[in-house]
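I would ask you to look at the sequence and the model together while I speak.

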Amino acid sequence: MAFQKELVVAHDDLDDLNHVNNVRYVQWIQDISKQHWQTIATKKMQEEVIWVVLTHHIEYKRAAVLGDPIQISTYIASSSGAKCVRIVEMIHGTTKKLLVRSSTEWCLLDSISYRPLRIPEAIKKIFL
């Protein structure tokens, strides 16, 4: 199940070349991942566990510029043990061309001990 949102590139999103800054793309990846978790997970889940990033792999396909509409979608591609792989894709809202695709490996931790936890079936059920 994909979680989606839309945004429009603002001046503060740009780098010296007047393209969206790579750091901004990473922030958007983080933001939609967090929003997906907070929208779908129960309050109890959110209190008991936290997610941390282990790796990011980002492919920059095309540049986005000021005023471009961007459709961002994310979903969990796989999970094993305490880890899952989340995909985020950013598509130009008008041309429908892929701008960015990322694959991020996340690890689930106990919110108190910060020790890795096997992903419970209840979480898998709502995200996979």
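Let me begin with a definition: a helix here is a DSSP run of H or I with at least four residues, and helices are numbered from the N terminus. The model before you is a predicted one.

With that in hand, please turn to helix α3, which covers residues 121-127. K124 and E121 lie three residues apart in this helix, so about one helical turn separates them. Their side chains meet in a salt bridge, with a distance of 3.7 Å from N to O. How exposed are the two partners? E121 is exposed, at 57% relative accessibility, and K124 is partly exposed, with a relative accessible area of 21%.

Another of them is in helix α2, residues 43-48, where K44 and E48 are four residues apart, about one turn of the helix. The N to O distance between their side chains is 3.2 Å. K44 is exposed, its relative accessible area being 53%, while E48 counts as partly exposed at 40%.

Which parts does the salt bridge between E89 and R101 connect? The two side chains meet at 3.2 Å, N to O. E89 sits in strand β4, residues 83-92, and R101 in strand β5, residues 98-110, so the pair ties together parts that are 12 residues apart in sequence. Both residues count as partly exposed: E89 has 21% relative accessibility, and R101 has 26%.

β4 and β5 run antiparallel and are joined by nine bridges. Within this pairing, V88 stands opposite S102 of β5. The hairpin that β4 and β5 form has five residues between the strands, and K96 there takes a positive phi near 65 degrees.

Strand β5 has a further partner to consider. Strand β2, residues 49-60, pairs with β5 in the antiparallel sense over 11 bridges. In this pairing, V49 stands opposite D110 in β5. Strand β5 therefore pairs with β2 and also with β4, and through R101 it takes part in the salt bridge with E89.

Thank you for your attention.

Notes: Residues are numbered from 1 along each chain as its sequence is written. This is a predicted model: local features need pLDDT of at least 70, side-chain atom pairs count only at pLDDT 80 or more; totals for chains, interfaces and linings use all residues. Side-chain values use heavy atoms; hydrogens and water are left out. A salt bridge is a side-chain nitrogen of Lys or Arg within 4 Å of a carboxyl oxygen of Asp or Glu. Helices (H or I, at least four residues) and strands (E, at least two) are DSSP runs, numbered from the N terminus. Buried means under 20% relative accessible area, exposed over 50%, partly exposed in between (1.4 Å probe, protein chains only). Two strands pair if DSSP finds at least two bridges between them.
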